[in-house]
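Please look through the sequence and the structure shown here before reading on. The briefing that follows takes up a few selected places, one topic at a time.

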Amino acid sequence: MSAQITSIGTALPATSAPQPELRAFFARQPGADRLTRRLIGGAFDASGIQTRHTALESLAGSPDGVFIDEDGTLLSPTTGVRNDLYRRTAPPLAAAAARDALTRGDVAADQITHVITVSCTGFFAPGLDYHLVRDLGLPPDVERTHLGFMGCAAALPALRLASQITEGRPRAVVLVVCVELCSLHVRETSDPEQVVAASVFADGAAAALVTAGDISRDTGGLVLDRFATALTREGESDMSWTIGDHGFRMTLSAEVPRIIGREIHDAVDRLLGDEARPGIWAVHPGGRSVLDRVESGLALQPTALQASRAVLRDCGNMSSATILFILGRLLEDPAVEGPIAALAFGPGLTVESALMHRTR
């Protein structure tokens, strides 16, 4: 059998924040002048997002004196403070998504042979992979790999690695877990690039079970046919993710959607060659404008990106976890059949892609 995703589980922080409330919060910050408020209103209203989830309860109106002051002013905690919250919050959220994947796949914890973890919003050791072994009761000899700081595109390289593992070990059962707490790096700014970042990024975790063997009663899934990767000719300075003294700094320029629109044909040709383009696509929603550029650039039908737009609307951009949320919806949709193309975009500007097909 070919490698396939047999189940996908997801988890979101308990705190949800409607987009209009977040827009109002950033617009009333003391440093927001008239122009900044206009930028905030335009970016938040054009995002295609209704609700996001966050590990910061203070963003939903509960000031904590660390991230949000009693008067509602956004504070600037150090990177160490932010990372400490990541260390406390990320493991249980990752474990919740993994348990959901195990339950949906009817797979016992002792069947897992490999764990691949993905994150770019925090660091600590022993890390997420270690905690998953302990929290889920996985075998102590499970083989662990971590893909760190690869940005929004990282889930597809993780699935590619899982596919390669199962090719070499057909009886392997690989657990891929992505967890991102983007909101920990929130900042008050009038920089247009930071305004765009504040308008789309959110928190969440997702997990996928990948195997080439028959591990459950339901052998249907998403068969992983092939992968491709490409670096665009430009974009190194337009999408980047660096560590500062007061959190990680995301650079996300207005050029990103335009670069994607110009470069998407070459990336898709690298994946599909002369094959016909699928009718269903799982595209990482860096924002609504990114989805619009992909749809128009590839002349896709509006229904092709239905799942991508739904996840953006309901959850926002959860960095690497987002593409698994989209694939999870496609996996659970009884109407989905046949080939699916997946695209995700990361710093560089990097385009990761995968071709898969739905079986039942």
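In this predicted model, V294 touches I260, V283, L300, L343 and F345, when residues up to four places away in sequence are not counted. The points below start with V294 and then turn to a pair of helices and to an annotated span.

- V294 lies in helix α8, which covers residues 288–297.
- Is V294 buried or exposed? With a relative accessible area of 0%, V294 counts as buried, because the cut-off for that term is anything under 20%.
- V311 is 17 residues apart from V294 along the chain, and the C-alpha atoms of these two residues are separated by 16 Å.

**Helices α2 and α6**
- Helix α2 (residues 34–45) packs with helix α6 (residues 192–200) at an angle of about 40°, and their axes are 9 Å apart; α2 is therefore oblique to α6.
- The crossing in which α2 passes α6 is right-handed.
- Which residues meet where α2 and α6 come into contact? From α2 there are L39, I40, A43 and F44, and these meet P192, V195, A198 and S199 from α6.
- The residues of this contact of α2 with α6 divide into 7 nonpolar and 1 polar, with no charged residue among them.

**An annotated span**
- According to the UniProt record, an unreviewed entry, the feature "domain: Chalcone/stilbene synthase N-terminal" is placed at residues 3–213.
- The end C-alpha atoms of residues 3–213 lie 8 Å apart, and the span is 38% helix and 22% strand.

Technical notes. Residues are numbered from 1 along each chain as its sequence is written. This is a predicted model: local features need pLDDT of at least 70, side-chain atom pairs count only at pLDDT 80 or more; totals for chains, interfaces and linings use all residues. Side-chain values use heavy atoms; hydrogens and water are left out. Axes are lines fitted to C-alpha atoms, for helices over the stretch in contact, and angles run from 0 to 180 degrees between N-to-C directions. Helices (H or I, at least four residues) and strands (E, at least two) are DSSP runs, numbered from the N terminus. Angles under 35 degrees count as roughly parallel, over 145 as roughly antiparallel, 65 to 115 as roughly perpendicular and the rest as oblique. A crossing is left-handed if the near helix is turned anticlockwise from the far one by less than a right angle, and right-handed if clockwise. Contact means heavy atoms within 4.5 Å. Ala, Val, Leu, Ile, Met, Phe, Trp, Tyr, Cys and Pro count as nonpolar, Asp, Glu, Lys and Arg as charged, and the others, Gly among them, as polar. Buried means under 20% relative accessible area, exposed over 50%, partly exposed in between (1.4 Å probe, protein chains only). UniProt positions are given in the numbering used here, feature names are shortened, and annotations may be inferred rather than shown by experiment.
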